[in-house]
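Here are my notes on the model, point by point. Please read them with the structure open.

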Amino acid sequence: MTSFTLDECAAILPLIRSIAAEIVERRNQRRELDRTRTQLETATTPEGLAESLADLDARIFEHDTALHRATHELELMGLILLRTDPLTIHFPGRARSGEVVFCWQEGEPSICHGHAPGEEEEPRRPLMVRVVDAHKP
């Protein structure tokens, strides 16, 4: 199993943000397609309905396939997609105190939360890290 330091997590965060942006966009588009499909299913006019539903099903399948690929890409890096809403990614890691799981959620500028392994469903806690100011001697 891959284990990251906080610095390693920060180094791959731009890539993770890129993958996350695709997941979020496809998640939102898929929801919209589901709403449209529900509206079409309740429509009373049969003209073109079967064709419209087939087109929507094809687009939904495309999004599901892309979401699966993105999730698989994260897994290949040793990361865990905990949930898609809000998008939460776990980085199995290590710190001076031992094993830790670093947590990142969509919209966060950095990895600033974590928890002990096995506490995935517990509330995230802020990381206790000392920030070094490069401008101070």
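1. Burial first. A residue is buried under 20% relative accessible area, exposed over 50%, and partly exposed in between (1.4 Å probe, protein chains only). Of the 137 residues in the protein, 31% are buried.

2. Ground rules. This is a predicted model, in which local features need pLDDT of at least 70 and side-chain atom pairs count only at pLDDT 80 or more, while totals for chains, interfaces and linings use all residues. Numbering starts from 1 along each chain as its sequence is written, and side-chain values use heavy atoms, with hydrogens and water left out.

3. Elements. The protein has two helices and five strands. From the N terminus the order is α-α-β-β-β-β-β. Helices (H or I, at least four residues) and strands (E, at least two) are DSSP runs, numbered from the N terminus.

4. Overall dimensions. The radius of gyration is 20 Å, whereas a compact globule of 137 residues would have one near 14 Å. That radius is taken over C-alpha atoms, and the globule rule is 2.2 Å times the number of residues to the power 0.38. The C-alpha trace spans about 75 × 35 × 25 Å along its principal axes.

5. Surface. The accessible surface comes to about 9100 Å². Carbon and sulfur atoms hold 55% of that surface. Areas come from the Shrake-Rupley method with a 1.4 Å probe; for residues, only the protein chains shown count as cover.

6. Strand S2. Which strand is largely enclosed by the rest of the structure? Strand S2 (residues 87-95) is, because seven of its nine residues are buried.

7. Partners of S2. Two strands pair if DSSP finds at least two bridges between them. Strand S1 (residues 80-84) pairs with S2 in the antiparallel sense over four bridges. A hairpin of two residues joins S1 to S2, and Leu-81 stands opposite Ile-89 in S2. On to the next strand. S2 and strand S3 (residues 98-105) are also antiparallel, over eight bridges. Two residues lie between S2 and S3 in their hairpin. Here Arg-94 stands opposite Glu-99 in S3.

8. Arg-26. This residue sits in helix H1 (residues 6-41). Is Arg-26 buried or exposed? Arg-26 counts as buried, because its relative accessibility is 17%. Leaving aside neighbours within four places in sequence, Arg-26 is in contact (heavy atoms within 4.5 Å) with Glu-62, His-63, Ala-66 and Leu-67.

9. Contact range. Among contacts between residues at least 6 apart in sequence, 47% join residues at least 24 apart.
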